[in-house]
Amino acid sequence: MSMTIGLAGKPSAGKSTFFKAATMADVEIANYPFTTIHANKGVAYVRSTCPCMDRDKRCGNCSDGIRYIPIELIDIAGLVPDAHMGRGLGNQFLDELRQAQAIIHIIDASGGTDIEGNPVDIGDHEPLEDIDFLNREITMWMFSILKRNWERLARKIQGEGLKIERVLADQFAGAGVDEAHINCALNECKLDRGHHTKWSEEDLIMLCDTIRLMSKPMIICANKADIAPENFLKGLLELDQIVVSTSAAAELALRSAVKGRAISYEPGDGDFVIISEELSPVQKKGLESVHDLIKHLDGTGVQKCINKAVFKLLDLIVVYPVEDEGKWTDKNGRVLPDAYLMKKGSSAHDLAYKVHSDIGERFLYAVDAKTKMRLGEKHELSNGDVIKIVSTAK
Ligand SMILES: Nc1nc2c(ncn2[C@@H]2O[C@H](COP(=O)(O)OP(=O)(O)OP(=O)(O)O)[C@@H](O)[C@H]2O)c(=O)[nH]1
Ligand SMILES: [Mg+2]
């Protein structure tokens with residue numbers, strides 16, 4: 001899978017509930033800290049409109065025009081202040097963030113858990129505090145990776161005249177940080193590259209903080225919105241970052257009801273329809289309260305959060321490669337068989353490489369299957385494009 005998103009946050013914020021709702025995997029959920037010890041990995045989906053909606057017939061790979069594109073989701077153990085120094089479940093859990101291209105920070109917006117995830121009265125803990133602590137933990141985790149070898153590396157860069165970006169990128173390679181991230185971060189921090197041996201510990205921490213921002217962009221999920229005081233939600237939504245209010249518990253209830261054939265609902269819908277005639281009064285009442293809630297919140301927010309992480313935070317588009325530009329099929333006759341998430345600004349040639357390195361290397365041109373226009377290698381792709389690649393590859 002091309003895209004991995006990590007769910008992070010303090011214990012009991014609702015990470016596993018979000019994860020379970022999004023993946024329908026069977027994981028443990030409980031109202032005490034450190035319920036999750038080993039990270040859970042599963043497949044969640046980005047919701048998009050299927051291009052077959054432009055045609056008379058549905059393609060068979062979407063749910064009546066709603067196309068779900070798989071991504072990997074990781075539910076990480078709860079982090080507490082000073083986790084990077086081994087507190088709580090400690091450092092190794094930060095390591096689970098290595099593979100993540102983005103982070104959904106799950107916050108308990110109800111203020112019903114303290115900074116370590118222990119239950120307190122609703123409204124007792126200010127959720128804004130949780131944001132700074134998690135950012136700092138991730139920064140300090142990155143700093144600990146750098147610090148391990150910094151003195152030796154700094155001497156080596158000087159002694160052998162190595163490129164500093166290259167050396168730092170090597171150091172962070174396992175954490176999903178590349179040379180471009182480092183380069184941007186060095187520029188942003190205005191650190192004097194010629195004098196790297198003189199950089200102070202504060203300079204290095206500032207550098208790691210900037211590398212974090214570049215390489216692990218974050219979206220805030222204001223969870224437990226069903227029980228959160230309005231002023232807490234408002235405070236979070238006013239932040240200068242992407243924030244989505246969610247009720248992971250409500251989404252989980254709806255997905256379970258779909259599984260039990262009680263309702264008809266597509267993740268991300270603002271409403272659902274009861275289809276079973278055999279619901280008990282208690283079940284009906286439960287669904288009614290979810291109904292009122294999602295009217296108020298405009299959906300449960302879980303799908304919105306995943307979609308915003310992919311389309312807004314990471315700025316990706318969906319592109320559909322096909323082999324037959326008339327029928328929109330692959331060589332086996334499957335209509336719109338694949339959907340690729342690609343960085344906005346990607347070209348037809350980039351798509352060719354993504355399909356197969358051979359096809360990229362032997363690229364001739366592409367065809368926009370909607371307009372039948374011929375596209376050159378530099379042509380910038382748009383969201384929802386259906387593209388045939390023509391190459392000399394076999
Ligand atoms: N009211 C409400 N409760 C929720 C929501 N999401 C999760 N909870 C509850 O919060 C508690 C903790 O949920 P978990 O999903 O286990 O939390 P976690 O973040 O995975 O916790 P750790 O694994 O300990 O780090 C459970 O009692 C959940 O039922 C929500 O949207 N609304
Ligand atoms: Mg958990």
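**Entry 1: the pocket.** I started with where ligand 1 sits: the space it takes is the second largest pocket. A reminder to myself that this is a predicted model. Next I looked up which elements give two or more residues to the shell around ligand 1, and found helix 1 (15–23) and helix 8 (248–259). Helix 1 provides the largest share, with three residues.

**Entry 2: the neighbours.** I then asked which of the 23 residues around ligand 1 come nearest. They are K15, T17, F34, T36 and D226. Sorting the shell by class, I got 10 nonpolar, 10 polar and three charged residues.

Entry 3: For K15, a side-chain N or O atom is 2.7 Å from an oxygen atom of the ligand. With S12 the backbone takes part instead, and one of its N or O atoms lies 2.8 Å from a ligand oxygen. G78 also uses a backbone N or O atom, at 3.3 Å from an oxygen atom of ligand 1. How much of the ligand's accessible area does the protein cover? On its own ligand 1 has 650 Å², and the protein covers 87% of that.

**Entry 4: aromatic rings.** Turning to the rings, I found two aromatic pairs in the structure. I wrote down the one made by Y45 and Y68: the ring centres are 6.4 Å apart and the planes stand at 80°, so this pair is edge-to-face. I checked where the partners are, and the pair links distant parts of the chain. Y45 is in strand 2 (residues 40–49) and Y68 in strand 3 (residues 66–75), 23 residues apart.

Conventions:
Residues numbered from 1 in each chain as written. Chains lettered and ligands numbered in written order. Predicted model: local features only at pLDDT ≥ 70, side-chain atom pairs only at ≥ 80, totals over all residues. Heavy atoms only, no water. Near = heavy atom within 4 Å. Polar contact = N/O pair within 3.5 Å; in protein donor to acceptor, adjacent residues only side chain to side chain. Areas by Shrake-Rupley, 256 points an atom, 1.4 Å probe, with all protein chains shown as cover. 1 Å grid on protein atoms, 1.4 Å probe; cavity = no way out; pocket = protein on both sides within 12 Å on 5 of 7 lines; lining within 4 Å. Sits in = over half its atoms within 2 Å of the grid points. Helix = DSSP H or I, 4+ residues; strand = E, 2+ residues; numbered from the N terminus. Nonpolar A, V, L, I, M, F, W, Y, C, P; charged D, E, K, R; others polar. Phe/Tyr/Trp six-rings, centres within 6.5 Å; stacked < 30°, edge-to-face > 60°.
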